[in-house]
2 protein chains.
Amino acid sequence: MSEQTMTIREMCDAFDVTPRTLRFYESKELLFPQRDGQKRLFSKRDRARLKLILRGKRFGFSLEEIRQLLDLYHVGDQQHIQLSRSVSVGRERLADMERRQAELSEAIADLKGQLGWGERMLKATPLHGEAAE
Amino acid sequence: MSEQTMTIREMCDAFDVTPRTLRFYESKELLFPQRDGQKRLFSKRDRARLKLILRGKRFGFSLEEIRQLLDLYHVGDQQHIQLSRSVSVGRERLADMERRQAELSEAIADLKGQLGWGERMLKATPLHGEAAE
DNA sequence: CATAAAGTTGACGTTTACGTAAGCTAAACG
DNA sequence: CGTTTAGCTTACGTAAACGTCAACTTTATG
């Protein structure tokens, strides 16, 4: 029944990370690959976790923040997790993300405005790329 | 006519950063405070830039990425900036941010789902905080 | 069986974004 | 005029997140 487990290299290719990264995440208790002798075997669960880790990273969360969130997504992976704590951590992250979303919309609007200005300047000046007054 | 310039401490209080941070940003050419003898004086423009810097940081952009974007917002601050380059850098950042926005919406939806599940589990179990099967 | 391929464990190196401490200067105050 | 107070420069220290390298083991292969 050993199914759907992947070697470290397959993981690296699938997620575009290095072996070092995967071992580092394991050392930080973000992933828990099983062992076949020496070698690591990554399960479907590990892949789900890695996907969340990489997503969290793109949002600028630290690995430690991500680790706490993973406890919410995978309650029971470790025995001693307090669900209520995971939920409250999750609520804080959600609030974070919603704030970010609002700020991001504002920033996007700003940037669009600036770009519009820049593009109009480019069209208006005969010498593309030169500084404008 | 020297108006609206702020000392380093006023800046720190206004933006909740340390003097070290402002000097560091200057050393990286993100800010260009004038000098009154030794002392730095931060203009309205510096404050606008700092605001953008801090915003960019919250989105996880590196200071170098932010510096390039600032060139778009303040074309002409330096003499040698290519507007067309600034615009194209800006377009890339905008694309980044829009991708982030989409992914963020997805992540928020996911997290809400997980939170809903967690909260239902909490209500259903008599012993709050215990792990559920 | 020799060796190449894939994986493993240390352990030290690197970059980013500042923190922190030492020692100097200049204005302001009693 | 001595001394806080605010600011300055220079320089070393630090945490996070890996990169890189050395040395070893295990598995596959001609």
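Author: Four elements each supply at least two residues of the surface near DNA strand D: α2 (19–27) of chain A, and α1 (8–15), α2 (19–27) and β2 (39–41) of chain B. This is a predicted model, where local features need pLDDT of at least 70, side-chain atom pairs count only at pLDDT 80 or more, and totals for chains, interfaces and linings use all residues. Residues are numbered from 1 along each chain as its sequence is written, chains are lettered from A and ligands numbered from 1 in the order in which they are written, and side-chain values use heavy atoms, without hydrogens or water.

Reader: What makes a residue "near" a strand?

Author: One of its heavy atoms must lie within 4 Å of the strand. By that rule, 18 residues surround DNA strand D, and the closest are Thr18(A), Tyr25(A), Lys57(A), Thr7(B) and Arg40(B). Around DNA strand C there are 17, the closest being Thr7(A), Arg40(A), Thr18(B), Tyr25(B) and Lys57(B).

Reader: Which element gives the largest share of the surface near DNA strand D?

Author: α2(A) does, with 4 residues. Near DNA strand C, the largest share is also 4 residues, from α2(B).

Reader: What makes Thr7(B) a polar contact of DNA strand D?

Author: A polar contact is a pair of N or O atoms within 3.5 Å; within protein, one must be able to donate a hydrogen and the other to accept it, and residues adjacent in sequence count only if both atoms are side-chain atoms. An N or O atom in the side chain of Thr7(B) is 2.4 Å from a phosphate oxygen of DNA strand D. That is within the limit, so the pair counts. For Arg40(B), the distance to a phosphate oxygen of DNA strand D is 2.7 Å.

Reader: Which part of DNA strand C does Arg20(B) meet?

Author: A base oxygen, 3.0 Å from an N or O atom in the side chain of Arg20(B). Tyr25(B) has a side-chain N or O atom 2.6 Å from a phosphate oxygen of DNA strand C. For Lys57(B) the phosphate distance is 2.7 Å. Of the atoms of DNA strand C within 4 Å of the protein, 70% belong to sugar or phosphate and the rest to bases.

Reader: How many charged residues does the surface near DNA strand D have?

Author: It has 9, with 5 polar and 4 nonpolar. Asp, Glu, Lys and Arg count as charged; Ala, Val, Leu, Ile, Met, Phe, Trp, Tyr, Cys and Pro as nonpolar; the others, Gly among them, as polar. The surface near DNA strand C has 8 charged, 5 polar and 4 nonpolar residues.

Reader: Why is Glu26(A) called buried?

Author: Buried means under 20% relative accessible area, exposed means over 50%, and partly exposed lies in between (1.4 Å probe, protein chains only). Glu26(A) has 18%, so it is buried. It lies in helix α2 of chain A. Leaving out residues up to four places away in sequence, Glu26(A) touches Leu31(A), Pro33(A), Arg35(A) and Arg40(A). Contact here means heavy atoms within 4.5 Å.

Reader: What makes Asp16(A) exposed?

Author: Its relative accessibility is 71%, and the cut-off is over 50%, so Asp16(A) counts as exposed. It sits in the loop between α1 and α2 of chain A. Most residues other than glycine have a negative phi.

Reader: What makes a set of residues a nonpolar core?

Author: The members are buried Ala, Val, Leu, Ile, Met, Phe, Trp, Tyr and Cys residues, joined through side-chain atoms within 4.5 Å. The largest core has 63 residues, and Leu22(A) and Leu22(B) touch the most other members. Helix α5 (residues 83–124) of chain B gives the most to this core, 11 residues. Beyond its neighbours within four places in sequence, Leu22(B) is in contact with Ile8(B), Met11(B), Cys12(B), Val17(B), Leu31(B), Phe42(B) and Leu50(B).
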